[in-house]
Amino acid sequence: MAAPIATRTTLSLLAACAAVLVAVVVVSSLAPAAAANEEGDALMALRRGVEDPDGVLASWDPNLVNPCTWFHVGCNDDNRIDRIELANMRLSGPLPAELGKLEQLQYMEMSGNNLQGPIPSEFGDLRNLISMDLYNNDISGHLPSTLGNLKSLRFLRIDHNRLTGPIPRELSGLPNLESVDFSSNDLCGTIPTSGPFENVPLSSFSNNPRLKQGPGAYDAHC
């Protein structure tokens, strides 16, 4: 005998709910893996682009799904990359724009290498970044104004490079910025004095022959 219409309707609803639940579980399980793959791809862009004479990036294996197992990488409780520890590793080459995809990154420690080329504007997407240490490298070009998006940034140390152009005034709007060092570059224009720069010592701007102490009009094309 055929099941009553009400029973068939109830069974159909239960089946539909079960299908939705399975879909949610599958999507939830895939999300961390997808994030890990994207972050792994970002780090692999760095590995492919730099010379690594000491093999410090040898553990960065694209066949391992979770980059949290790689050396010189730190992750949070959600297995998202929150730290890059590559200071004084004799790396040379450019900074890849793909690093801007590391949404949970808090500490970028890459000082004391021979990194070259500009700071990518995509680094302005690192909204959780607390510390950017790129000092003692060979980085050149202008500082991107997008760094003004880094509202969590507290430490910005980019001294002893070959940076040119003005200090972006967007940095004056960073609410948590505590310590900066722009010394020993080739920056130009006037030294910012508003916002977090009110208490920055002049030594943080030293050895930039074309950088002037105010007052003076801001020159974005110096």
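Which residue forms a salt bridge with E39? Select R80: the closest N and O atoms of E39 and R80 are 2.9 Å apart. Keep in mind that this is a predicted model.

Now look at where the two partners sit. E39 lies in helix α1 (residues 5-49), while R80 lies in the loop between β1 (73-75) and β2 (81-85). The pair links distant parts of the chain, 41 residues apart. E39 is buried, because its relative accessibility is 1%, under the 20% cut-off. R80 is buried too, at 18%. The structure holds nine salt bridges.

Next, select R83 and E85. They form another salt bridge, with the closest N and O atoms 3.4 Å apart. R83 is partly exposed at 25%, and E85 is partly exposed at 34%.

Move on to D186 and R210. Their salt bridge has its closest N and O atoms 3.4 Å apart. D186 is in strand β11 (residues 186-190) and R210 in strand β12 (residues 210-212), 24 residues apart.

Turn to the strands. β5 and strand β7 (residues 138-142) run parallel, joined by two bridges. Pick Q116 to find its bridge partner in β7, D138.

Last stop: the surface. Select E38, D41, E98, E122 and D125 to see a negative patch. D125 sits in the loop between β5 (114-117) and β6 (131-133). D125 is partly exposed, with a relative accessible area of 41%.

Key
Residues are numbered from 1 along each chain as its sequence is written. This is a predicted model: local features need pLDDT of at least 70, side-chain atom pairs count only at pLDDT 80 or more; totals for chains, interfaces and linings use all residues. Side-chain values use heavy atoms; hydrogens and water are left out. Patches are made of residues with over 30% relative accessible area and no salt bridge: like charges are joined within 9 Å, nonpolar side chains (Val, Leu, Ile, Met, Phe, Trp, Tyr) within 5 Å. Accessible areas come from the Shrake-Rupley method with a 1.4 Å probe; for residues, only the protein chains shown count as cover. A salt bridge is a side-chain nitrogen of Lys or Arg within 4 Å of a carboxyl oxygen of Asp or Glu. Lys and Arg count as positive and Asp and Glu as negative; His and the chain ends are not counted. The place of a charge is taken as NZ of Lys, CZ of Arg, CG of Asp or CD of Glu. Helices (H or I, at least four residues) and strands (E, at least two) are DSSP runs, numbered from the N terminus. Buried means under 20% relative accessible area, exposed over 50%, partly exposed in between (1.4 Å probe, protein chains only). Two strands pair if DSSP finds at least two bridges between them.
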